[in-house]
Amino acid sequence: MINFAILGFGVVGSGVYELSLNNKETVTKKVGKDVNVSRILVRSDKEHDAKHLFTKDFTDILNDGNIQVAVETMGGLEPAFTYTKSLLEAGIHVVTSNKELVATHGKELQEAATLAGVSYLYEGSVGGGIPIIRPLQNCLAANEITEVFGILNGTTNYILTQMKEHGLSFEKALKSAQELGYAESDPTADIEGFDTQRKISILASLAFGEDIGLENIPTTGISALTLKDLESAEAEGSSIKLVGRAWIENGQPKASVEPVKVPKSSPLSTVSSVNNAIVVRANPLGEVMFYGQGAGKEPTASAVMADVISVAASFT
Ligand code: HSE
């Protein structure tokens, strides 16, 4: 049996717990052993079927002795960074959906993992349920990647779609995205483009093997857009989308985040609601596009659980 812990029991953490139960048979078949959630780190007590697994004390997980993998779905930099580093140094594999942490301290945490001989995996950090981290690391490994761009934030794409197609106000559309579990706990990160900035930074570092640094990625969100802007773009035959882009210029990796008028002829213009789409330009492959649900409980839990399975299946 393989035991894993979940740190943070919000939308994604509870999604991972539910998925581990609902698809237990599938997971067991893939790993060849039972994979169980044995501890859950929560901020406060609440009524839940999994309440018997709850602890508010991180050291209960760190010192448990029978936990081989930890899923970090707390979000934010602290205490997620300190906990992740301690777990890795203690020889516990860590799987995360925390893009802010991966974008800010991913390199250091990866080094700590390598030193301890464990994995730090983050498929759930970009694109929700869309496979994109592993394709960049493995499937496209023989290619020289020249550009990565796309719609990387489900909340803002959902808001823009609701405004344009259903005439909803910005505020109403945002409230709905929050209720559906798409938005960050502080939705400023979504709306002002910082969530996209973190994601494009992660993708750029995988594509080009170099960190650009969040501070070097000019970022504009969608808060200044009005329904009139969306309608006038529509009249010109375009759709406004929040696009993250990373490319090579004079041998240097660059990235940006901004609302872009995407012509109707581009496949990005048809990406609606909470969906994300990521285009990778690579040599000799050419162009490849990844598409699917980019935020929300089940899609993100699907990506996180895949990393847990991957680690668990590697145990002899
Ligand atoms: N708030 C994020 C989004 C969640 O809307 O895309 C998934 O990373």
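This is a predicted model: local features need pLDDT of at least 70, side-chain atom pairs count only at pLDDT 80 or more; totals for chains, interfaces and linings use all residues.

User: Fine. How far apart are the closest N and O atoms of E18 and K297?

Analyst: They are 3.2 Å apart, and E18 forms a salt bridge with K297. The pair links distant parts of the chain. E18 sits in helix α1 (residues 11–22) and K297 in helix α12 (residues 297–313), 279 residues apart.

User: And how exposed are E18 and K297?

Analyst: E18 is partly exposed, at 28% relative accessible area. K297 is partly exposed too, at 25%.

User: How many salt bridges does the structure hold?

Analyst: It holds 17. Another one joins E236 to K261, with the closest N and O atoms 3.3 Å apart. E236 lies in the loop between α11 (227–235) and β8 (238–249), and K261 lies in strand β9 (residues 252–263), so this pair ties together parts 25 residues apart in sequence. E236 counts as exposed, with 51% relative accessibility. K261 is partly exposed at 45%.

User: What about K199 and D195, buried or exposed?

Analyst: Both are buried. Their side chains meet in a salt bridge, 2.6 Å from N to O. They are four residues apart in helix α10 (residues 194–208), so about one helical turn separates them.

User: Which residues are linked with K199 and D195 in a network?

Analyst: K99 and E184 are; the four are linked in a network of salt bridges.

User: Now D190. Which side chain of opposite charge is nearest to D190?

Analyst: K99, 5.8 Å away. D190 is buried yet has no salt bridge.

User: Where is D190, and what does it touch?

Analyst: D190 is in helix α9 (residues 188–191). Leaving out residues up to four places away in sequence, D190 touches N153, T155, T156, A183, E184, D195 and L242.

User: Switching to sheets. What is the strand order in the six-strand one?

Analyst: The order is β3-β2-β1-β4-β5-β6, in an open sheet with parallel pairing. The edge strands are β3 (54–55) and β6 (120–121), and each pairs on one side only.

User: How many bridges join β1 to β2?

Analyst: Six, between β1 (residues 2–7) and β2 (residues 35–41), which run parallel. I2 stands opposite V35 in β2.

User: What does α12 lie across?

Analyst: α12 lies across β1, β2, β4 (69–72), β5 (93–96) and β6. It runs at about 160 degrees to β5.

User: Over how many bridges do β7 and β10 pair?

Analyst: Seven, between β7 (residues 144–151) and β10 (residues 275–283). The bridge partner of E144 in β10 is N283.

User: What do β8 and β9 form together?

Analyst: A hairpin, with two residues between the strands. In the turn, N250 has a positive phi of about 50 degrees. The two strands pair in the antiparallel sense over 12 bridges. V243 stands opposite E258 in β9.

User: Last topic, packing. How many residues are in the largest nonpolar core?

Analyst: It has 62 residues. L7, Y120, I132, L203, I278 and V280 have the most contacts inside it. α10 gives the most to this core, with seven residues. Another core lies apart from it, with 27 residues, among them I2, I40, V69 and V311.

User: Which residues does V280 contact?

Analyst: Setting aside neighbours within four places in sequence, V280 contacts I132, L136, L140, I145, E147, V148, G286, E287, V288 and F290.

Note on methods. Residues are numbered from 1 along each chain as its sequence is written. Side-chain values use heavy atoms; hydrogens and water are left out. Buried means under 20% relative accessible area, exposed over 50%, partly exposed in between (1.4 Å probe, protein chains only). Lys and Arg count as positive and Asp and Glu as negative; His and the chain ends are not counted. Contact means heavy atoms within 4.5 Å. A nonpolar core is a set of buried Ala, Val, Leu, Ile, Met, Phe, Trp, Tyr and Cys residues joined through side-chain atoms within 4.5 Å. Two strands pair if DSSP finds at least two bridges between them. Axes are lines fitted to C-alpha atoms, for helices over the stretch in contact, and angles run from 0 to 180 degrees between N-to-C directions.
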